[in-house]
Amino acid sequence: ATPLILLYAAAARRNTEAGSPVRRVYALAAGYVLIWALFSVLATALQRVLASALVLTPMMELATPTAGAVVLAIAGLYQLTPLKRACLRACRSPLGFMLQRSRGGTVGAFRLGMDHGTHCLGCCWALMLILFAGGVMNLTTIITLTLWVLVEKIAPFGERTATASGVALLSIAVWMGVR
């Protein structure tokens, strides 16, 4: 969210006709945070359901290799979809995103933040599933996913990493399913 928020803040400072620049920047950030907060509530609910069904261990890891394979396959398949590519394109170009979707006023800023949050969520939700396969508390998994998302979003070849990770995740899922 930082690149979009900084770009928006710079533009908002130049355009004082649409109301308080500070209020609009906070509204933008609040819209973004709202989307991720809603996702967090849903992810927590899913985590509780899986833990109650004993699919997750007390360490928040998947209890069986088959469950891990299913999660990795879902994440891998999503990485190959046109929706993933569309969301990634929007996240990779915050200026273009802002120019195409910007609306006036505080409400417009809030809606822009929600729109960006939705695209960002669409870009990352499947990769976050990997936390269940690798362990929600596993620092190596967290760092690896953080770096992978960073490469997807800022590296010149970043869009191709979604395809590469999709193929890799599907391959690992198959390997886990046949062991």
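1. Contact here means heavy atoms within 4.5 Å. With that in hand, take Asp115, which sits in helix α6. Leaving aside neighbours within four places in sequence, Asp115 is in contact with Phe97 and Arg101. Asp115 is buried because its relative accessible area is 18%, and buried means under 20%, exposed over 50% and partly exposed in between, using a 1.4 Å probe and protein chains only.

2. Some ground rules before going on. This is a predicted model, in which local features need pLDDT of at least 70 and side-chain atom pairs count only at pLDDT 80 or more, while totals for chains, interfaces and linings use all residues. Residues are numbered from 1 along each chain as its sequence is written, and side-chain values use heavy atoms, with hydrogens and water left out.

3. Overall layout: the protein chain has 8 helices and 0 strands, so from the N terminus the order reads α-α-α-α-α-α-α-α, with helices (H or I, at least four residues) and strands (E, at least two) taken as DSSP runs and numbered from the N terminus. The C-alpha trace spans about 65 × 35 × 25 Å along its principal axes.

4. Among contacts between residues at least 6 apart in sequence, 71% join residues at least 24 apart. The accessible surface is about 10,000 Å², and carbon and sulfur atoms own 71% of that; the areas come from the Shrake-Rupley method with a 1.4 Å probe, and for residues only the protein chains shown count as cover.

5. Charges: the protein chain carries 15 positive and 5 negative ones, and their mean positions are 3 Å apart. Lys and Arg count as positive and Asp and Glu as negative, with His and the chain ends not counted. Each charge is placed at NZ of Lys, CZ of Arg, CG of Asp or CD of Glu.

6. Back to α6, which covers residues 105-134. Its 30 residues should span 44 Å at 1.5 Å a residue, and the end C-alpha atoms are 43 Å apart, so the two agree; the expected span is 1.5 Å times one less than the number of residues. Still, α6 bends by about 40° at Trp125, where the bend is the angle between axes fitted to the seven residues ending there and the seven starting there. After α6 comes Gly135, with a positive phi near 110°.

7. His116 is another α6 residue. Its relative accessibility is 6%, so His116 counts as buried. Not counting residues up to four places away in sequence, His116 touches Ala1, Leu4, Tyr32, Cys91 and Phe97. Phe97 is also among the partners of Asp115.

8. Trp125 is where α6 bends. In the other direction, the C-alpha atoms of Phe39 and Thr66 are separated by 25 Å, although they are 27 residues apart along the chain.

9. Arg23 lies in α2, which runs over residues 21-52, and Arg23 is exposed because its relative accessible area is 56%. C-alpha to C-alpha, Arg23 and Gly105 are 9.1 Å apart in space and 82 residues apart in sequence. Ala30 also belongs to α2, and at 35% relative accessibility it counts as partly exposed.

10. Pro3 is in helix α1, residues 2-14, and counts as partly exposed because its relative accessibility is 46%. Pro3 and Pro94 are 6.4 Å apart, C-alpha to C-alpha, at a sequence separation of 91 residues.
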